[in-house]
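Q: I'm new to this one. Can you walk me through the fold, piece by piece?

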Amino acid sequence: MIIKKEWRILTVGDGDLSFSNALLSHQPKALTASVYDSLATLSGKYGDHFYRQLAANNTPVFFEFDVTKPASWGALPKHSFDLVIFQFPLLPAFRSFSEYQEQAQEISLNTLNRRLLRTFLINAFNHFLDPDGQQLCFITSKDVKPYREWNIENALHLQTDISYLGSVNFEIADFPGYKIRNVERDKFVRDTRGTTYVWGKTKHHEISPELQSPLYQDNHFCTACRAGPFTREEDRMEHSQSKRHKQMMEFEALWLEDLRHLAEK
Ligand SMILES: C[S@@+](CC[C@H](N)C(=O)[O-])C[C@H]1O[C@@H](n2cnc3c(N)ncnc32)[C@H](O)[C@@H]1O
């Protein structure tokens, strides 16, 4: 992950605050952390060790901060950051099976997760990022299900003025003490391989040379499935008949329909 000392950073959806705490070792100009849970819930799940460390460093921490709900942002200063980071975003767990059934019946979980990420990007650029600052948004995610089914590099910023800039490998060793948390559980995710995806307001940013260009983009690949290269037509045909591809095309169609509905509102 690219972190520069002169940047003012906001973290969103931190689990136990271990990521924000580890960010301090990069000595950013300013750091503000936020957590979806309340302090009581966070303490109950993980303990308040990292919160106390951040507090001792005078790092502001916002609790019950829902990136989709401006009413939960409290006194967070508007347009004050250069970079907003959301590590391994995922919908919060449902409180009950009936709640899950209710939600997933109307809108697929895939679409709901894409909505969360898209809303994060839009709110970050409209409310959190300083228009005169660096204007960068990072999402770190994994190339395994369900994350790989969100078409992160292509689908989230459709029909916005936000530009996807590229990616870098996420090296957890650069963040001492960081434990990637599962939603709603006190366990941490062992497979820590991730990729940090980067968005900006302009097509080129001064960090662009450090980023890997969008992957799986030309005719030799299936962009949405992140599959290929297909060197023979038979391979492409076989892929397009596969369960994985058909499922992905369904997700893409649902997402485009959702965007159409949003635009009509
Ligand atoms: C897989 S966990 C990762 C937690 C943490 N970022 C980490 O890397 O350990 C997904 C996180 O997204 C947060 N989240 C989900 N929906 C959110 C929302 N609307 N606003 C802010 N955070 C959210 C959850 O609370 C959860 O902490």
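A: A definition to begin with: two strands pair if DSSP finds at least two bridges between them. Helices (H or I, at least four residues) and strands (E, at least two) are DSSP runs, numbered from the N terminus. This is a predicted model, where local features need pLDDT of at least 70, side-chain atom pairs count only at pLDDT 80 or more, and totals for chains, interfaces and linings use all residues. Residues are numbered from 1 along each chain as its sequence is written.

Q: OK, what is the order of the strands in the open sheet?
A: The order is β3-β2-β1-β4-β5-β7-β6. That is seven strands, with mixed pairing.

Q: And which strands stand at the edges?
A: β3 and β6 (163-170) do. Each has a single partner strand, so one side of each is left without a neighbour in the sheet.

Q: What does β4 pair with on the β1 side, and how many bridges are there?
A: β1 and β4 run parallel, joined by four bridges. L10 has V84 in β4 as its bridge partner.

Q: How many bridges between β4 and β5?
A: Five, again in the parallel sense; β5 covers residues 136-141.

Q: Is β4 buried or exposed?
A: Buried. I call a residue buried if 20 or more other C-beta atoms lie within 10 Å of its own, exposed if 12 or fewer, and partly exposed in between, with C-beta atoms placed from the backbone. Five of the five residues of β4 (residues 83-87) are buried, so the strand is largely enclosed by the rest of the structure.

Q: Which residues of β4 are on which side?
A: L83, I85 and Q87 are on one side, V84 and F86 on the other. In a regular strand the side chains alternate between the two faces of the sheet.

Q: Now β2. What does it pair with?
A: β1 (residues 8-12) pairs with β2 in the parallel sense over three bridges. R8 stands opposite A30 there. β2 also pairs with β3 (residues 61-62), parallel, over two bridges. V61 in β3 is the bridge partner of A33.

Q: How many residues of β2 are buried?
A: Four of the five in residues 30-34, so β2 is largely enclosed by the rest of the structure.

Q: Switching topic: which residues touch the most other members of the largest nonpolar core?
A: V84, F120, L121, A124, C137 and F138, out of 49 residues. α5 gives the most to this core, with seven residues. Such a core is a set of buried Ala, Val, Leu, Ile, Met, Phe, Trp, Tyr and Cys residues joined through C-beta atoms within 7 Å.

Q: What about α8, how far does it reach?
A: α8 (residues 243-264) has 22 residues and reaches 32 Å from its first C-alpha to its last. That is close to the 32 Å expected at 1.5 Å a residue; the expected span is 1.5 Å times one less than the number of residues.

Q: Which residues of α8 are buried?
A: M248, F251 and W255. They cover an arc of only 55 degrees around the axis, which puts them on the same side of α8. The arc is that of the directions from the helix axis to the C-beta atoms.

Q: And which are exposed on the other side?
A: Among them are K243, E250, R260 and E264.
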